[in-house]
Amino acid sequence: MTEELIELTNTLAPDLVPVPVDAEDVCPMCRSWRPAGEPRCNNCVQAFDELTAPCELVIPISLYSKPSEMRDRLTFYKDGDESQQRQYAPEVAAILDRFFVEHGNQLQDRTGGWDVACVVPSESRVPPHPLERALSNLPARYVPERELLLARDVGNVGHRILSDDAYRVKENVVGLTVLVLDDVYTTGGRSQSAASALTLAGAHVAAIVVIARRVNPDWKPEVRAMWDRQAARPFSFSEEPWWV
Ligand SMILES: [Zn+2]
């Protein structure tokens, strides 16, 4: 790990919110809030209702809410003006890089490893996805061959919209194990639709790794309680993650 990576990511750490361990009010799949007595959050229930093969192992590096510096970073590294993109894109890449340097071996042990990593394509942007570009400056290490396996297809996808045919798998993936990467997980519409498409095409999805899972503390007091609990804790890149 380079000094620069440590220094940059340590500067960003105060903007990150630790992902909760198992608890009654935590969705065991995506680490957001879940209603009392429910097995999963509403988003994950919907993923199982509407997709053939959602991925049960979702690994957010951080939680985020809106408004926040983290939300701006994850929005404007791709949609901002030139100076925002210049500042935020290396920060987004560094967060993912630090995660893999700290926990890549553990993730390989936990999942059995993967053959390729694949970034979920944009709705409308011309490929490559800005996350792909942000990653392309980094050493391969734990994210080998970030092939553009997926393209948008006919199915609808977006906020609370999931479909098996939202993405077309462009290559033969039969027997391949794929790690799905995305920047944010808001309802899981995009990354879970991608995971389902890959699985239906014959791949095994090892996990979905996202930089941040959105939580909306304004939705209900119970969500706020869970958010406040996590936001009160300092974030550390080296802390043992919940999924180990
Ligand atoms: Zn969930």
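User: What pattern does the protein chain follow when read along the sequence?
Analyst: In this predicted model, the secondary structure of the protein chain comes to seven helices and six strands. Read from one end of the sequence to the other, these elements give the pattern α-α-β-α-α-β-α-β-β-β-α-β-α.

User: What radius of gyration does the protein chain have, and what would a compact globule have?
Analyst: Along the principal axes, the C-alpha atoms of the protein chain fill a box of roughly 45 × 45 × 40 Å. A compact globule with 244 residues would have a radius of gyration near 18 Å, and the protein chain agrees with this, since its value is 17 Å.

User: Among contacts between residues at least 6 apart in sequence, what percentage join residues at least 24 apart?
Analyst: Buried residues make up 42% of the 244 residues in the protein chain. Among the contacts between residues at least 6 apart in sequence, the share that joins residues at least 24 apart is 72%.

User: Which strands stand at the edges of the open sheet?
Analyst: The open sheet has four strands, paired in the parallel sense, in the order E1-E6-E5-E2. Two of these strands have a single partner strand each, so one side of each is left without a neighbour in the sheet; they are E1 (58-64) and E2 (116-119).

User: How many bridges join E5 and E6?
Analyst: Strands of a sheet pair through backbone hydrogen bonds, either parallel or antiparallel. E1 and strand E6 (residues 204-214) pair in the parallel sense over six bridges, and within that part of the sheet Pro60 stands opposite Val210 in E6. On the E5 side, Leu179 has Ala207 in E6 as its bridge partner, and the parallel pairing of E5 and E6 runs over eight bridges.

User: What angle does the direction of helix H4 make with that of E6?
Analyst: Helix H3 (residues 69-79) packs on the sheet, where H3 touches E1, strand E5 (177-185) and E6, and its direction makes about 120 degrees with that of E1. Helix H4 (residues 82-111) also packs on the sheet and touches E1, E5 and E6, with its direction set against that of E6 at about 145 degrees.

User: Is Val209 buried or exposed?
Analyst: Val209 lies in strand E6, a strand that is mostly covered, with 10 of its 11 residues buried. Leaving aside residues up to four places away in sequence, Val209 touches Ile59, Leu179 and Leu181. The cut-off for burial is 20 or more other C-beta atoms within 10 Å, and because Val209 has 25 such neighbours inside 10 Å, Val209 counts as buried.

User: Within what arc do the buried residues of H2 fall, seen down its axis?
Analyst: The buried residues of helix H2 (residues 42-50) are Asn43, Cys44 and Ala47, and what covers them includes helix H6 (189-200). They line one face of the helix, because seen down the axis of H2 they fall within an arc of 95 degrees.

User: Which residues does the cis peptide bond with omega of about 5 degrees join?
Analyst: Pro67 has its place in the loop between E1 and H3. The cis peptide bond there, with omega of about 5 degrees, joins Lys66 and Pro67.

User: Arg31 and Arg160 have positive phi values; is Arg160 buried or exposed?
Analyst: Arg31, in the loop between helix H1 (3-12) and H2, has phi near 70 degrees and counts as buried because 27 C-beta neighbours lie inside 10 Å. Arg160, in the loop between strand E3 (150-152) and strand E4 (167-169), has phi near 60 degrees, a positive value in a residue other than glycine. With 12 other C-beta atoms within 10 Å, Arg160 is exposed.

Methods
Residues numbered from 1 in each chain as written. Predicted model: local features only at pLDDT ≥ 70, side-chain atom pairs only at ≥ 80, totals over all residues. Helix = DSSP H or I, 4+ residues; strand = E, 2+ residues; numbered from the N terminus. Rg over C-alpha atoms; globule rule 2.2 N^0.38 Å. Contact = placed C-beta atoms within 7 Å. Pairing = 2+ DSSP bridges. Axes fitted to C-alpha atoms, helices over the stretch in contact; angles between N-to-C directions. Arc of directions from axis to C-beta.
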